[in-house]
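Keep the model open as you read.

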Amino acid sequence: MAIRPIVRDGDPVLRIRAKEVDPKDLGGTEFAQLIEDMLETMYVAKGVGIAAPQIGVSLRVFIAESPDGPIALVNPVFSRPSKKTLKDQEGCLSVPGHFDTVSRYKGLAVEALTAEGKPVRFSVDGFFARILQHEMDHLDGMLFIDRVKEQKARKV
Ligand code: NI
């Protein structure tokens, strides 16, 4: 395992849409290593989530701390967002020392692959749903500070 340097706001890798992971790569040692490194980097930085672009790898995979421990999701897709949204404070390992209020869907459904290539599908709610939405934004080239700006402009 290795701790990777965390990419910070200002690096273009954080502002581009990450590429889909080729399912053929799942279950391989190289991909397993990436996941291990992301996990270790997240723990050392005391984060509750980390997306691959945050260590400079532009692929659609992130790790999020679930109520049952950390899970890795590959090529995630969201659906059925709740009508209800919740506002709460967020921070980001790539924007150190900055916290702001972000509005997120209270809940949604997730479809993804595990790091071993197994399809998973489940519904999430509350803080875990917030982490997943924050990490998904990273895969789409967006930081939470961009969300804040957008939501303030729309007065959400
Ligand atoms: Ni973040």
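**From sheet to metal site**

His-134 is buried, and His-138 is buried too (buried is under 20% relative accessible area, exposed over 50%, partly exposed in between; 1.4 Å probe, protein chains only). This is a predicted model, in which local features need pLDDT of at least 70 and side-chain atom pairs count only at pLDDT 80 or more, while totals for chains, interfaces and linings use all residues. Residues are numbered from 1 along each chain as its sequence is written, and side-chain values use heavy atoms, with hydrogens and water left out.

Start with the sheet. It is open, has 5 strands in the order β1-β2-β3-β6-β7, and pairs antiparallel. Strands are DSSP runs of E, at least two residues; helices are runs of H or I, at least four; both are numbered from the N terminus. Two strands pair if DSSP finds at least two bridges between them. β1 (49–51) and β7 (119–125) stand at the edges with a single partner strand each, so one side of each has no neighbour in the sheet. On average, neighbouring strands are turned by 40 degrees against each other, direction ignored. β2 and β3 pair antiparallel over 6 bridges. Phe-62 stands opposite Leu-73 in β3.

α1 lies across β1, β2 and β3, at about 45 degrees to β2. α2 packs on the sheet and touches β1, β2, β3, β6 (107–113) and β7; its direction makes about 165 degrees with that of β2. Axes are lines fitted to C-alpha atoms, for helices over the stretch in contact, and angles run from 0 to 180 degrees between N-to-C directions.

The largest has 17 residues; Phe-31, Ile-35, Met-38, Val-61, Ile-63 and Val-74 touch the most other members. α1 (29–44), β2 (61–66) and β3 (69–79) each supply at least two residues. The largest share, 6 residues, comes from α1. Another core lies apart, with 14 residues, including Ile-131 and Met-136. Leaving aside neighbours within four places in sequence, Ile-35 is in contact (heavy atoms within 4.5 Å) with Val-61, Ile-63, Ala-72 and Ala-115.

Which residues hold the nickel ion as protein donors? They are Cys-92 (SG), His-134 (NE2) and His-138 (NE2), 2.1 to 2.3 Å from the ion. Donors are N, O and S atoms within 2.8 Å of the metal (3.2 Å for Na, K and Ca); water is not among the atoms, so sites may look incomplete. The sequence spacing is C-x41-H-x3-H. Both histidines, His-134 and His-138, lie in α2 (residues 126–139), 4 residues apart, about one turn of the helix.

Definitions and conventions
Core = buried A, V, L, I, M, F, W, Y, C linked by side-chain atoms within 4.5 Å.
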